[in-house]
Amino acid sequence: MRPVTIDDFEAVARERLSPMAYDYYRSGADEEHTLHRNREAWTEYALHYRVLVDVSAPSTATRVLGTDLATPILIAPTAYHKLAHPDGERATTRAAAAAGTLYVASTLATTSLEHVAAAAPGAPKWFQLYVHKDREFTLRLIARAKAAGYGAVVVTCDTPVLGRRCADVRNGFALPDGLLMENLVEVIPLDLQGDDGSELARYVASRHDAAFSWSDLRDLADACAPLPLVVKGIARGDDARRALDHGARAIWVSNHGGRQLDLAPSTADALVEVVDAVGRAGAGGDAGTEVYVDGGIRSGTHALVALGLGATAVFVGRPILWGLAEGGEAGVKRVLELLNAELVRAMQLAGCPDLASARDDLVRRHRRATR
Ligand SMILES: Cc1cc2nc3c(=O)[nH]c(=O)nc-3n(C[C@H](O)[C@H](O)[C@H](O)COP(=O)(O)O)c2cc1C
C-alpha cells in the first residue's frame, strides 16, 4: 500500500524498525499526555476559509533569518538518524536540500556535523546545540558549526535533564554497536554503559549543564556571533521576551515533542501566548520577531493552523524519521512532498494564495482542549 498520510509512513516505519528504535522515536514522557495534546491541539482550531479568491498560483515561499525557502515546513533536530537508515543524517540533509527546506542537525547526530554539511554543500542548515558542563567543549562545537558553514545555532533549553520515556527505560535503550554520537566522540568514553534506564539518560545526566540559565544566555549569544542564536523549547510568553532580551534572534516554541515535561501545554496553546508576547513577524518573516513551532504537526492543515496563528515556520520531527525508515533519502523526500502538497491544497481551499494571507483571522478557536 502506498503511504498517503504521515500515519501511513509511521505504519511502514514501524514494520521496518527494531521495536527498540521505534519505541525511542515514538515515545513521549511519562503518561504521554503532552505528546497527544500537541497533535490534538491543532484540531481545536477551525480554518475559516474564504471563497472566490484567485488561488491558481499558490506560493509557499517564506524566509527565515534572511534565508529564502520554498516552504515553511522545516526539519527539526532529532538524534540518531542511522537507527532509521544506514545513510542517516546525510540522507536527511540531501532530501531537505532537494525540497528547498532547512535541516537542523542535532548535537546527537550519528553523523558528524562536518559530514552532514558536506553531504549537501550550500544547502541551508542550522546546528542544534546542547550546552555541556564542559564549556570548552560547548564552545568547540559552536566553532565547528561556524567553520562548517551552518547559518544559525539553535540552543535547546527544555532538556536540563532527560524526561522519562518509559519504553526506553524498559527496553534499556542504547545505540547498537557501530553507531556513535559522532559530534561527541571526544567527550563520550564508554562509561555510558550500565543497566539503569537508558544510555541517553545517562549521557544527559552526566554531560548536560543543568545549571545553564538566563545569566549565561547572553554569553552564549556572543559566542555564536555572527551566527544568530535561536532559543528552542520555549512554552511561555515571558520566557520568549526574556530570551530576546538576552540575545536570542528568534523563538522556537517547542516541548520537545512531548518527550520532556509531561502535562506541559500543547505547543499550539504556547504559540498563541508567545506570539501575543513578542508580536507577529510580517509576511514571510520579513519584520518583527520570528517565532517557530513544532510538536504534533502531521498534516498540511495542522501546518496552516500554526502559520495562521502567527508562526513564521513550522518544524516536523518524527515524520522525517518515518520517511527515513520507509525509504532513506527518497522516503524523506516523499514525506516532505506529502506535507507540502497537503499545505498547498489546504491554502487553495482556504482562499490563501500565499502565506501572508493565512494570517489575519483565518484561524479561530473551535473548541476547548479536552486533555
Ligand atoms: C526521536 C527524537 C529525537 C529528538 N532529538 C532531539 C535533539 O537531539 N535535539 C533537540 O533539540 N530536539 C530533539 N527532539 C525534539 C525535536 O526537535 C522536536 O522538538 C519534536 O520532535 C517535534 O515534535 P514532533 O516529533 O511531534 O514533530 C527529538 C525528538 C524526537 C522524536
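Which residues is Asp168 in contact with, leaving aside its neighbours within four places in sequence? Contact here means heavy atoms within 4.5 Å, and by that rule Asp168 meets Asp23, Tyr24, Ser27, Phe173 and Ser198. The structure is a predicted model, in which local features need pLDDT of at least 70 and side-chain atom pairs count only at pLDDT 80 or more, while totals for chains, interfaces and linings use all residues. Residues are numbered from 1 along each chain as its sequence is written, and side-chain values use heavy atoms, with hydrogens and water left out.

Asp168 belongs to helix α7, which covers residues 166-171. Helices and strands are DSSP runs numbered from the N terminus (H or I and at least four residues for helices, E and at least two for strands). With a relative accessible area of 3%, Asp168 is buried. Buried stands for under 20% relative accessible area, exposed for over 50%, and partly exposed for anything in between, using a 1.4 Å probe and protein chains only. From Asp168 to Leu74 it is 27 Å, C-alpha to C-alpha, and the two are 94 residues apart in sequence.

Next comes the ligand. There are 23 residues around the ligand, and Pro77, Ser106, Thr156, Asp294 and Arg298 come nearest; a residue is near a molecule if one of its heavy atoms lies within 4 Å of it. A polar backbone atom of Pro77 sits 2.7 Å from a ligand oxygen, and a polar backbone atom of Gly296 is 2.8 Å from one. Arg298 takes part through its side chain, with a polar atom 2.7 Å from an oxygen atom of the ligand. Taken alone, the ligand exposes 600 Å², and the protein buries 99% of that. These areas come from the Shrake-Rupley method with a 1.4 Å probe, and for residues only the protein chains shown count as cover.

Beyond four places in sequence, Pro77 touches Val104, Ala105, Ser106, Gln128, Lys232 and Trp252. Pro77 and Thr156 are 79 residues apart along the chain, yet their C-alpha atoms are separated by 9.8 Å.

Helix α4 also carries Thr92, which is buried at 0% relative accessibility. The side chain of Thr92 makes a polar contact of 2.9 Å with the side chain of His81. A polar contact is a pair of N or O atoms within 3.5 Å; within protein, one must be able to donate a hydrogen and the other to accept it, and residues adjacent in sequence count only if both atoms are side-chain atoms. Not counting residues up to four places away, Thr92 is in contact with Ile75, His81, Tyr103, Ile320, Leu324 and Val332.

Setting aside residues up to four places away, His48 touches Asp361, Leu362 and Arg364. His48 lies in the loop between β1 (45-47) and β2 (62-64), and at 33% relative accessibility it counts as partly exposed.

As for helix packing, α6 (residues 135-147) and α9 (residues 214-224) meet at an angle of about 35 degrees, with axes 10 Å apart. Axes are lines fitted to C-alpha atoms, for helices over the stretch in contact, and angles run from 0 to 180 degrees between N-to-C directions. Helix α6 brings Arg135, Leu139, Ile142 and Lys146 to the contact, and α9 brings Asp216, Leu220, Ala223 and Cys224. By class, that makes 5 nonpolar, no polar and 3 charged residues. Ala, Val, Leu, Ile, Met, Phe, Trp, Tyr, Cys and Pro count as nonpolar, Asp, Glu, Lys and Arg as charged, and the others, Gly among them, as polar.

The peptide bond from Ala225 to Pro226 is cis, with omega near 10 degrees, and Pro226 sits in the loop between α9 and β8 (229-234). His256, though not a glycine, has a positive phi of about 65 degrees. This histidine lies in the loop between β9 (250-253) and α11 (267-278) and is buried at 15% relative accessibility. Leu263 has a positive phi too, near 75 degrees, and is placed in the loop between β9 and α11, but at 55% relative accessibility Leu263 counts as exposed.
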